[in-house]
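Dear colleague,

Please find below the structure that I am passing on to you.

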Protein chains: 4
Amino acid sequence: MTFLADILSTVFERRYRFRTSDKTDGRPLEALVADLIGATGEVSGVTMARQILSRYATLDDDDKRAFFRHLAEDLTISAPAVRAALETYEKGQSKASYQAFMEAVEPPRQELIRRLNQVPDATRSLVRMREDLLRLGRDDDALQALDMDFRHLFGSWFNRGFLVLRPISWESPAQLLEKIIAYEAVHAIDSWDDLRRRLEPADRRCFAFLHPAMPDEPLIFVEVALTRGVPGSIQDLLAGNRDMIDAERADTAVFYSISNCQEGLAGISFGNSLIKQVVTDLSIELPGLKTFVTLSPIPGLVRKLKKDGRSYDPADDERMRSLAANYLLTAKREDGLPLDPVARFHLGNGAKIHQVHARADISEKGMQQSAGVMVNYLYDLAKVAQNHERFASSHTIAASSEIRSLSASAEEALV
Amino acid sequence: MTFLADILSTVFERRYRFRTSDKTDGRPLEALVADLIGATGEVSGVTMARQILSRYATLDDDDKRAFFRHLAEDLTISAPAVRAALETYEKGQSKASYQAFMEAVEPPRQELIRRLNQVPDATRSLVRMREDLLRLGRDDDALQALDMDFRHLFGSWFNRGFLVLRPISWESPAQLLEKIIAYEAVHAIDSWDDLRRRLEPADRRCFAFLHPAMPDEPLIFVEVALTRGVPGSIQDLLAGNRDMIDAERADTAVFYSISNCQEGLAGISFGNSLIKQVVTDLSIELPGLKTFVTLSPIPGLVRKLKKDGRSYDPADDERMRSLAANYLLTAKREDGLPLDPVARFHLGNGAKIHQVHARADISEKGMQQSAGVMVNYLYDLAKVAQNHERFASSHTIAASSEIRSLSASAEEALV
Amino acid sequence: MTFLADILSTVFERRYRFRTSDKTDGRPLEALVADLIGATGEVSGVTMARQILSRYATLDDDDKRAFFRHLAEDLTISAPAVRAALETYEKGQSKASYQAFMEAVEPPRQELIRRLNQVPDATRSLVRMREDLLRLGRDDDALQALDMDFRHLFGSWFNRGFLVLRPISWESPAQLLEKIIAYEAVHAIDSWDDLRRRLEPADRRCFAFLHPAMPDEPLIFVEVALTRGVPGSIQDLLAGNRDMIDAERADTAVFYSISNCQEGLAGISFGNSLIKQVVTDLSIELPGLKTFVTLSPIPGLVRKLKKDGRSYDPADDERMRSLAANYLLTAKREDGLPLDPVARFHLGNGAKIHQVHARADISEKGMQQSAGVMVNYLYDLAKVAQNHERFASSHTIAASSEIRSLSASAEEALV
Amino acid sequence: MTFLADILSTVFERRYRFRTSDKTDGRPLEALVADLIGATGEVSGVTMARQILSRYATLDDDDKRAFFRHLAEDLTISAPAVRAALETYEKGQSKASYQAFMEAVEPPRQELIRRLNQVPDATRSLVRMREDLLRLGRDDDALQALDMDFRHLFGSWFNRGFLVLRPISWESPAQLLEKIIAYEAVHAIDSWDDLRRRLEPADRRCFAFLHPAMPDEPLIFVEVALTRGVPGSIQDLLAGNRDMIDAERADTAVFYSISNCQEGLAGISFGNSLIKQVVTDLSIELPGLKTFVTLSPIPGLVRKLKKDGRSYDPADDERMRSLAANYLLTAKREDGLPLDPVARFHLGNGAKIHQVHARADISEKGMQQSAGVMVNYLYDLAKVAQNHERFASSHTIAASSEIRSLSASAEEALV
């Protein structure tokens, strides 16, 4: 879909680019914004929207901050107007009074963002704009409130029902692939050759969620290895000289890297849909696959061991595994959820802690974060709903009996 | 784009269809709705959403009305909660207080609709659902208020930036073409042969807006004839035995039919974007095109003449043209806008009344509505913004001098 | 593939169409042909080729016959030249002597046809040209010899390796579908609605072979019904009110219609590849399918019964089945192959006579040709090679034991 | 087209790969070949063809040579059979006698190659096979004769009418782009970044001819720079820090690199079609383009100057230009055609020598071959046919007056 979409949209953009004169008329950005919000139709709206986006793209951080501040302070709700509308509504609930209420409670900046989005390719620009906003608004309550409006609209626009799952392969457009290289956040891709090793072999797969309005921008992607048996080492899994197997012979699919791509979409969650969809698709394509696991880092392990003053030796396999299992099962935040962010994500999705492996990630980062230990989270589609439910309601963690006994032995060791 | 999209989505749907058991668990729809709104994640959400949509599809009108009433009455805002959130917000404007306010003012049914949309192909179902709502809620204030929420979300989802303009041709999928036949609202398409006559010849074009989430459903489409000179008869334009011309020889593009396709998207406007985009695209593809006009009906002419007690004779060309020009220029609604709905649409887009023709539509409907007269609205991209602005601000109607003098002669005739 | 191919080729053609002036220069067609064969390169070749094809398209039958006669008589081999080249080759077999031999034995008209094919879309025109040739050359030895050259080139161009198997569905381009309607040769398609009934339901499929150089022209297509059990009536199979089933529930795929589309490709066989490829593809898509059969006419049955003076009663089921089985097993041509052309085709492909059904085709044509009897040929991929081999080498017909005993009872009845 | 084709063909292959057991049955390759030629139909033919191709792929050079020798010697024509068929034909020219003649003059190896091509993806394998044959048969008359058969068939299969012109861009599949990197023969592409610099900027284009049976293999491609004015330095043209321009502002398209990709297609010419088609397409897309030139090497210049004992100084611009112009206009082979191979190619296509530039290619190779001089050949579509004709018939070289006077001054210098 995207390839053709690209063609079409490229043609589209190009025409557009050279059709519109886009003479910005020198008026202040605030004036353009006021015009756009006040515009009675799309007739001049698109032209104004384009001008605002072009102008925005040239701003430095101070001017961007000023622009955001204008939206945050001047295009916000009016409390008296809300109160008045609410009172009218309470007196008589009708279409008219409800409509008036809806209008009063929605700040004009939401309509502004929607109108900016009329311009071809504006969605991408607006995601970038929110990236700026998040960066510039970190300690600024007004800008953070403004961000709630962006987030509200993006939640609607990037609804799961609008996303398209696409396999990414060595046949995908180079334009898309260079973004996979850039966005890989877990195990860095060094070069095009490295990328090829992750995409081209018969026992490798990659899947991404895309949005039709920015079809060459992956939103999130997952890299998958097809193996026989559950692997216990990321270096073995990615080794250049490993033995490849026919996809049909694999019994296990390993999700070894999941990367969010768009900082401007922070807080809009796609990850659990992605994994479950990929599990579904792969199990249809390759009926031989029986086990779906991750091979995941344990980013908080060493920090916690140090904080607790527990000694550890990366070379003592069984001890490391016990410590890791214990950490995953027992280390909690104040709200009762697991301390480890990766564990929170997968357990929240309904996965189960399946196995831990020592000396599984001997990279510098792997040794620093988790003394080399990695963990497999298991996705059993028949059980994810139940696991999720129990995790959500009572923070109960699904784990294999081996993980439980490993954890128990770590407890005993403490005594 | 759609063809490949279709392939992908078909594959997708099919898998989906046979993967999910979708055992509806017998609980009342209200209980499922409560569960879906209360769901902590997408894990079980998609399953519940699918169940609700499946169950909804089997309801009769009474049960649908009850379902809508539940949404309207039980999943609405709580005025006290809004008031409390507003007060907190007024006391201290922070991210937290703003977020609490946003949550209080949004009725839970909006989140429900968003969550229903997670299911593949749900967008289409939700558009159909609103079609039901509009039909069943005509005289029901609560349901009309509920409709405001659908409309609010659809306005966001079907934002111009997400629509794709596609040429529709005899090479388009039959699945799409049958909808063109079904939805044509102005000059009915009798058969596949009739459709072919409007799509296949070198001097005919058709364009539609599509949305990626329902790629085989046109939202609105326009049919175009390429001609030499501005035509003055719809029957001549559509005659089976007319002389065809090479597209390159045409100097005029005639928009002779514009049809909205989705009743469930009523009030979400695409029409003016469509025409302007098509004008832009055609003028690039065919630089020989100099004039872009409609050949439009005047649906309210006869009714108005009768109401005013003015005599008319369809065979008296000049008199009919005068009466029509006068009607278009002077007949107004209470709000000062033109009485004629087609005139309101095109003048609101920034078009100009260019020419009127007697005996231009001699079909039964044409004679009944307008005594055979039709009108050309002219789209001159260099002037639409200005025309639109003057129409919007002061209801000033752009018209050619010939139209003005025709109208004047009708005034004189009155004296 | 074709949809995008269409887009590209359409763009391509269109440009082409309006770029080339194609002023035919009034010279006789023979002169143009001589120029094209003599042309030193493609530079002017394409222009001349286009002129020849355009000119040919305007000829009446007499002129076409004269054109073919020119190719047949003037652009043929020279026996003395062949003999000379052969002698040189015999004296010393070298690259040069072999090349000279190859040039001598190939008539110049073959090179002419190849050069004509340089023009965009020429392949289609050349297939049409051979259609004319076959029609006009029926009783003309020279034109039939000329046809051997067309057939030789087409055999190379339409090699199995260049064909693309495509599912045809209700989502296919209308342009392609109207050809399915036109070309259906076995059970006529009455209307677009009738076509939809054969394509859209979940238990119907259609597949065609296409060639990339004429992607909107099916070469041959097969219509498939997915059923539970082997059906014994074409009217039941096609009934508008039949019960549809989910494709996944089907255990049998029924090939109920196979149609060659291009008369100009007569003698270039695709049929057996098509069925075997479709069997392979369907058994992957739908693992539940266990049986692949045809539901085929027996076009020569009644004629043979009449010739043999055997009485028959279409309402006497068992007797009709015996007669049909006996006919299929024993009626032979002089060369020892089955008399029935459909039987020859399927048995030659390695199929097996599986079952016969009385009152299976009660249409007028079905009653006339076969007194209502139809036959299932079974495609068992594990056995087609062996069946084919035995049929090819010793004319042994594969048949089920029931068919054999039915046939035997017809023999006894004769005694 | 290719992207979707890739998808389809990939799916296709994959299925195929895992469907067919492909147990090679241990018989000698010759026996398999005999079986395939003798096969009565496609039923077992495809299986045998696949076995032969698989087996061939494992052969070493000696065995390949033996295989080719078998084809060359045992599957060749029989002179007595040809003579007999010729005599029968002379006695009575009929369809039958002509068919018998055609069969006699075609060596069985041609039918073998056609049958091998039935296997999916076989075309690619056969092109590779011919690559082997050309390499192994250099000094072997029998193998060179065999090559004539390959060339004959490939000439038919890779006929211009079957080729598809495709723009290659940064949005093309990586799988295709890596071949562009590998095949670039004129100005090497160092890395993916270098490739991107040639594809992504708005003032760069690349086009390739593809064949539908091997859609991810470019046959030939051309790289184009869009410029203002005719450039005189390849280093400037490719400089990383050059000023880019909007494509719409360009007045000149420069073909600065043309690379043939398939050694196995040697002697099958696509180059002139490619350039002319690209000129046509670009002049439609960008009406501002007025001049279409190459920026070409002069590979034989230095060798000739040395041979003629003429002194030259790369830094003496005017002198170098004179020498180059003189070389291009006057240095001839025995057959009267230009000595320089690049000149032969472009002049044969109907181009004209437009301009020469000193210090235009200061790379090591450029200095060695042509002392830095490069040449622009001009493609003026209105004149290529006439230029070509005069070049073909009388070896007349089209050149600008400046080139002629530069050349003349070199002559004078000689005196």
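**Domains of chain A**

In this predicted model, the centres of domain 1 of chain A and domain 2 of chain A, taken over C-alpha atoms, are 36 Å apart. The division of chain A places domain 1 at 24–157, domain 2 at 162–294 and domain 3 at 301–414.

Domain 1 of chain A and domain 2 of chain A are in contact, with 10 residues taking part from domain 1 and 10 residues from domain 2. On the domain 1 side, two or more residues each come from α8 (122–136) and α9 (141–157) of chain A. The most is given by α8(A), which supplies 7 residues. Sorted by class, this side of domain 1 of chain A holds 5 charged, 3 nonpolar and 2 polar residues.

**Contact between chains C and D**

The contact between these two chains involves 56 residues of chain C and 57 residues of chain D. On the chain D side, the elements that provide two or more residues are α1 (2–19), α3 (42–57), α5 (79–91), α6 (95–105), α8 (122–136), α9 (141–157), α13 (271–285) and α18 (384–394) of chain D. Of the elements on that side, α9(D) gives the most, with 8 residues. The residues of chain D that form the side touching chain C comprise 25 nonpolar, 21 polar and 11 charged.

As a point of background, interface size is often expressed as the accessible area that is lost when the parts come together.

With kind regards

How values were computed:
Residues numbered from 1 in each chain as written. Chains lettered and ligands numbered in written order. Predicted model: local features only at pLDDT ≥ 70, side-chain atom pairs only at ≥ 80, totals over all residues. Domains from an automatic or database assignment. Contact = placed C-beta atoms within 7 Å. Helix = DSSP H or I, 4+ residues; strand = E, 2+ residues; numbered from the N terminus. Nonpolar A, V, L, I, M, F, W, Y, C, P; charged D, E, K, R; others polar.
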